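Welcome! Here is a short briefing to read beside the structure.

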Amino acid sequence: MDNTVSAVNQKNMKFKEIAAYSLGLFGFQAIVGLLNSYQAEFDGSILGADIAVVGILILVAKILSAVFDPVVGNMIDRSKSKNGKFKSMILKSIVPLLVMSAVVFIDVPFKGNKTAVYIWIFVTYLIWSLAMTLGDVPSQGIASVLTPNPTERTNVVSISNTFKQIGFSACVVIVPVVCLIIPNGSKVFVKSGETDTPMIAGEYLWTAILTAVLGCALFALIPLLNKERVPYQSGEKTTFKDMIAALKENKPLMLVIVSYFLGFGRQMAMGIQVQAANTLLGSQNLVAVLGIVTAIGSMISMAICPVLIKKMGEKKVYILLSVYGFAVSVLSFVVGHFWFKNPENTVLTILFYAFLFLIGLQFAAVTLMPMIMTADCVDYYEYKTGKRMEGAAYSILTLTIKVCLALGTALGLVFIQFSGYSETVAQIASGAATGFSETTKNIVFFAYTAVPGLLALLSIIPMFKYDIVGEKKQQIAEELQKRRETKSE
């Protein structure tokens, strides 16, 4: 058993592999973050679509495309590719993802026909979502086979998800840079009290092309430089019935999924970040200010998360971060409410940005913890049944993430529409208004902070029964290693 313990605890991954996986997730999430943050604004300002309707179309497309996640998971589990079942699927996703990421931001010539515009938005986003799924499921699932060492896996997932989070927020830097580079670009820096010139169609398209090319190039590093080390039986047919049964039999995974659904709005701020920047700071190009402040807190959260997990275990860390997220989000809204009344108050201004940073400290619970827990749940299922269904488990997780992100974005855009945001933007463009009302700011900021905080608190309920932690987790890892060594003899 001592040899087994040593094998479980040894380091397997080289620096270049960790770097490749981290940069790959960065590139992939840069594309996802661009669409999540800017598609609704593009559809509203360039194509003339109603933002609330766009939110509904995105939600429906996400739900429909989510059906494809189990299909991809099944394809992965049945794969016989010599290159690895996850790596081969990632390679297949790159071209369609590259093409569709640009197509979504094309300024169509039939903008006068609202029905045609809505059909175009729905169809292109649906196809993009399918292409994204081809890469999303295997890029998440491959984390479970990069190393059999659970501690090393936690550290790798932590590092890579820090890059993933940075990538998701990269658009807040890329977009203003593109606006400065291309001819007739919009104004990035604005005078106090003025709203910036709206972005033009070319800025959106060139931003999408640049992000897609760079993102896909980095994403390709994962299959090129990483190894799938945990053995599995390939070529087994897994039906949807089998996958549902696997979820029912895997109680810990069920708890992770239910928890994610209950906290579906924890990332809704990302879906309305552009509108929030325009409303609160007076310029959508100042979205970098909102994004970077929160992203710094998020990166710190994911960096310290492995240390917290080592001392407290996944369950306690998740509950701690979620309760903290609720408290700091509600307090942030309160600070913002008073700041909107006294925008010249230096203390309130500092507190406003300080609380945005503090909000970011909770995000390991939503971006990192589900990844770690799902990998542990895959081990648990193999320990219990002898079958290893990474594809099924991670397709269920990615399906959940997409549906929840779409639900959060749709809910956020409903708040945006209810706040009077679109009407005020039109009035500012025509010169009838100079800025957003205090009521609009409060509604938008409530959706940006308080709602995600309330749902974060709700998400902890299932976690009280999650038990793949501590000695039990270590026992499972050691037993699985022992079985693999026996098979290889």
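Let's begin at one helix end: α14 is followed by Gly282, whose phi is positive, near 90 degrees. Helices here are DSSP runs of H or I with at least four residues, strands are runs of E with at least two, and both are numbered from the N terminus. Please keep in mind that this is a predicted model, where local features need pLDDT of at least 70, side-chain atom pairs count only at pLDDT 80 or more, and totals for chains, interfaces and linings use all residues. Residues are numbered from 1 along each chain as its sequence is written, and side-chain values use heavy atoms, with hydrogens and water left out.

**The chain as a whole**
- The protein chain has 23 helices and zero strands.
- Of its 489 residues, 59% count as buried, meaning under 20% relative accessible area, with exposed over 50% and partly exposed in between (1.4 Å probe, protein chains only).
- Among contacts (heavy atoms within 4.5 Å) with a separation of 6 or more, 86% join residues 24 or more positions apart.

**Helix α14**
- Nine of the nine residues of helix α14 (residues 273–281) are buried, so this helix is largely enclosed by the rest of the structure.
- Among these buried residues are Gln273, Asn278 and Leu281.

**The nonpolar core**
- The largest nonpolar core has 130 residues, and Tyr21, Phe105 and Trp128 have the most contacts inside it.
- Such a core is a set of buried Ala, Val, Leu, Ile, Met, Phe, Trp, Tyr and Cys residues joined through side-chain atoms within 4.5 Å.
- Helix α2 (residues 15–45) gives the largest share of this core, eleven residues.
- Leaving aside neighbours within four places in sequence, Trp128 is in contact with residues including Ile31, Leu35, Lys62 and Met100.

**A nonpolar patch on the surface**
- Val173, Val177, Ile181, Ile292, Ile296, Ile300 and Ile304 form a nonpolar patch on the surface, with about 560 Å² of accessible area together (Shrake-Rupley method, 1.4 Å probe; for residues, only the protein chains shown count as cover).
- Patch residues have over 30% relative accessible area and no salt bridge; like charges are joined within 9 Å, nonpolar side chains (Val, Leu, Ile, Met, Phe, Trp, Tyr) within 5 Å.
- A salt bridge is a side-chain nitrogen of Lys or Arg within 4 Å of a carboxyl oxygen of Asp or Glu.
- The largest share of the patch, four residues, comes from α15.
- Ile300 lies in helix α15 and, at 36% relative accessibility, counts as partly exposed.

**Cysteines**
- Counting pairs of cysteine sulfur atoms within 2.5 Å as disulfides, the total comes to zero.
- Cys305 is buried, with a relative accessible area of 0%, and Cys404 is buried at 1%.
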